[in-house]
Amino acid sequence: MQPGVDPADISSDPESASDRAPKWWQSTSIYQIYPRSFADSNGDGIGDLEGIISRLDYLADLGVGAIWVSPFFTSPQRDVGYDVADYRNVSPEYGTIDDAQRLIDEAHARGLRVLFDLVLNHTSDQHLWFVESRSSRTNPKADWYVWADARTDRLGRHRPPNNWRSELQVERAWRWCPEREQYFLASFLDFQPDLNWRNPAVRAEMFDMVRMWLGRGVDGFRLDIFGSIMQDAALRNNPPLPTVVAGLPRLQRPVHTLNTTENFELAADLREVCDEFGPGERVLLGEVFGDEDTLARYVQVGDRPGLHVVFLFEFLHASYSAKRYRSLIERFERRFPAPQQPTYVVENHDRARSMSRLGGDERKARVLATLMLTLRGIPVIFQGQEVGMTNKYIPLREAVDPIPRVFRRILHEPLNRRLPERLNRDEVRVPMQWSDEPGVGFTDPDVTPWLRYGDDAATHNVSVQNEDPASLLNLYRELYHLRREYPAIAHGSLELVPVDGGDEVIAYRRGDPDQPEAGNVLVVCNLGDTGAAHRVEAGAAMLVRTDDSVALVQGLNDERWLNLPPHSAAVLSGSVLGGAPHRR
Ligand code: NOJ
């Protein structure tokens with residue numbers, strides 16, 4: 001067995017490690033916690049920080065490397081915490097600042113790294129900065145947000161300053177403020193005004209807040225809609241692009257509102273702040289959108305280092321297909337070569353549950369789990385994914401999520417049901433399923449949770465799956481531990497093995513260049529509806545398989561064959577061969 005690569009001792013001196021040793025984040029795995037739905041410790045139907053602390057042992061035992069905690073800062077919760085009213089404090093329903101500190105310390109005590117969620121683009125409209133800013137054009141915070149005068153059209157009517165639309169595109173990004181008789185910019189929703197990052201006072205305050213959390217020990221941040229922070233200073237119009245994507249209108253190309261040069265520079269500036277706490281020790285994970293060339297510009301900003309990692313979201317939408325997945329892996333490998341790390345994410349708090357996208361086929365979910373945890377890169381797993389939680393259908397009229405209201409003019413229930421991905425994000429945010437008991441282990445049985453429980457809680461829960469060695473949860477656990485045991489998986493190289501005639505098979509070899517004697521790891525996944533076989537060397541040994549019918553059998557001479565039934569995968573160790581898989 002190889003020594004673990006995830007940090008067991010968070011306090012170890014990074015300088016003492018050799019320069020070539022990977023930084024902790026290069027081999028970590030991230031588990032996303034959505035605090036409101038994770039664990040409720042005080043019986044108010046809302047998850048809280050104490051609830052998270054009470055489940056840290058579970059996460060450590062599962063084998064995750066780091067937790068990313070969605071926002072729990074002071075907020076009116078109109079966008080479930082992504083509307084912050086005080087970045088330096090905690091919303092009372094989640095706990096106190098001392099609880100946040102305990103969360104960091106207790107996680108560290110268990111060898112878990114901690115990422116908080118930074119919403120730098122906008123605040124809540126109830127943030128005192130905005131309350132002051134909107135009150136007049138002359139107050140001390142007057143320039144803390146993006147304000148602009150109305151434009152007068154040919155008929156003398158007042159119009160917004162330009163044609164920019166919000167990220168959802170069905171609304172304008174400019175909102176009228178009667179007190180100032182000016183528009184303010186809100187790139188996402190109307191109650192989330194954009195901060196003015198060109199104002200040095202805003203930058204100084206936000207960077208100081210970042211330092212405050214780093215000083216308290218957080219290991220890094222997930223950066224919310226980071227690509228939207230800086231818009232064109234000259235307020236040029238975006239070019240029109242009337243089209244429909246996933247059943248919804250897209251009206252313009254956001255060339256002046258997304259991924260502007262100043263956004264890349266901001267990434268490098270923020271990196272400098274993090275590096276004050278030890279170069280490369282604190283990590284920035286950007287939620288940015290665009291093609292891979294654009295995303296790569298956030299990581300290397302000219303000659304300056306930028307964000308450590310960016311989300312690659314294509315697996316969130318990609319159809320389950322070996323061809324599609326293989327081409328994405330190739331692209332990610334090409335654009336984010338070592339020591340950079342691609343990220344693999346198949347679900348989060350905004351998008352459909354992967355098990356639902358896979359039509360509830362657990363065999364496919366097992367193949368996805370194997371891919372995510374053995375590819376070269378950082379897997380980001382959403383709470384409940386490890387037990388295969390599915391979407392809970394919640395009608396639009398019951399939505400807590402503010403997004404359906406934005407679409408109310410064009411969206412009705414029958415259309416919502418037909419959309420490739422429904423708009424009510426509540427459906428993926430239902431309480432984490434810890435057990436099959438009333439309250440699903442999330443809260444007290446007689447308490448009404450903030451969102452309804454899922455329909456699959458009887459089977460897709462932690463305590464039932466813990467007891468079943470063949471469960472999805474135990475497969476995740478095996479894979480997480482395998483990453484820790486094999487440096488080749490955690491941070492080794494990746495080489496796709498050509499598979500002639502095996503269109504439905506993906507095979508790749510992971511090797512640890514620093515420890516060639518440790519041998520390779522071979523991963524073979526069959527995404528086809530028929531069985532497949534793959535030749536491996538005599539010494540190959542099975543490390544993990546997605547179910548009992550995956551088998552290694554002796555062939556002629558010294559050959560061994562890996563037999564993979566439909567939708568199954570195996571991880572093998574040894575000096576394994578690639579080669580052509582044979583359909584059987
Ligand atoms: C992206 C977050 O993931 C989403 O939940 C949120 O609503 C928007 N950013 C706005 O902050």
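How many residue pairs are in polar contact between domain 1 and domain 2? The count is seven, with both residues of each pair at pLDDT 80 or more. Please keep in mind as you read that this is a predicted model.

Let's start with the overall layout. Domain 1 takes in residues 27–123 together with 198–480, and domain 2 covers residues 492–583. Their C-alpha centres are 32 Å apart.

Where the domains meet, 21 residues of domain 1 are in contact with 25 residues of domain 2. The size of an interface is often given as the accessible area lost when the parts come together. Here domain 1 and domain 2 bury about 1,800 Å² between them, and 69% of that area is on carbon and sulfur atoms. For salt bridges across this interface, the rule finds zero.

Which helices each supply at least two residues of the side of domain 1 that touches domain 2? They are helix H9 (322–335), helix H11 (362–374) and helix H15 (472–485). Sorted by class, this side of domain 1 has nine nonpolar, three polar and nine charged residues.

## A covered helix

Now to helix H7, which spans residues 292–299. This helix is mostly covered, with six of its eight residues buried. The buried ones are Glu 292, Thr 294, Leu 295, Ala 296, Tyr 298 and Val 299.

What covers the buried residues of H7? The cover includes three helices, H6 (261–275), H8 (314–317) and H9. It also includes the strands S15 (300–301), S16 (304–305) and S17 (309–310).

## Salt bridges

Side chains of opposite charge can pair when their charged atoms come close. The structure as a whole holds 42 salt bridges. Here are three of them, each with the N to O distance and the relative accessible area of both partners.

| Salt bridge | N to O distance | One partner | Other partner |
|---|---|---|---|
| Glu 106 and Arg 110 | 2.9 Å | Glu 106, 26% | Arg 110, 28% |
| Arg 159 and Asp 153 | 3.5 Å | Arg 159, 31% | Asp 153, 17% |
| Arg 509 and Glu 495 | 2.9 Å | Arg 509, 17% | Glu 495, 43% |

In the pair of Glu 106 and Arg 110, Glu 106 is partly exposed, and Arg 110 is partly exposed as well. For the next pair, Arg 159 counts as partly exposed, whereas Asp 153 is buried.

Is Asp 79 buried or exposed? With a relative accessibility of 4%, Asp 79 counts as buried. Its place is the loop between strand S3 (73–74) and strand S4 (86–90). Setting aside neighbours within four places in sequence, Asp 79 is in contact with Phe 188, Phe 191, Gln 192, Pro 402 and Arg 425.

Arg 425 lies in a loop too, the one between helix H13 (413–418) and helix H14 (462–466). At 9% relative accessibility, Arg 425 counts as buried. Beyond its neighbours within four places in sequence, Arg 425 has contacts that include Asp 79, Phe 188, His 349 and Asp 350. Asp 401, Pro 402 and Ile 403 are also among the contacts of Arg 425. The side chains of Arg 425 and Asp 350 are joined by a polar contact of 3.1 Å.

## An exposed glycine

To finish, look at Gly 359, in the loop between helix H10 (354–357) and H11. Gly 359 counts as exposed, at 67% relative accessibility. Gly 359 and Thr 390 are 31 residues apart in sequence, and their C-alpha atoms are 9.4 Å apart in space.

Definitions and conventions
Residues are numbered from 1 along each chain as its sequence is written. This is a predicted model: local features need pLDDT of at least 70, side-chain atom pairs count only at pLDDT 80 or more; totals for chains, interfaces and linings use all residues. Side-chain values use heavy atoms; hydrogens and water are left out. Domain bounds come from an automatic or database domain assignment. Contact means heavy atoms within 4.5 Å. Buried area is the accessible area (1.4 Å probe) that two parts lose on being put together, summed over both. A salt bridge is a side-chain nitrogen of Lys or Arg within 4 Å of a carboxyl oxygen of Asp or Glu. A polar contact is a pair of N or O atoms within 3.5 Å; within protein, one must be able to donate a hydrogen and the other to accept it, and residues adjacent in sequence count only if both atoms are side-chain atoms. Helices (H or I, at least four residues) and strands (E, at least two) are DSSP runs, numbered from the N terminus. Ala, Val, Leu, Ile, Met, Phe, Trp, Tyr, Cys and Pro count as nonpolar, Asp, Glu, Lys and Arg as charged, and the others, Gly among them, as polar. Buried means under 20% relative accessible area, exposed over 50%, partly exposed in between (1.4 Å probe, protein chains only).
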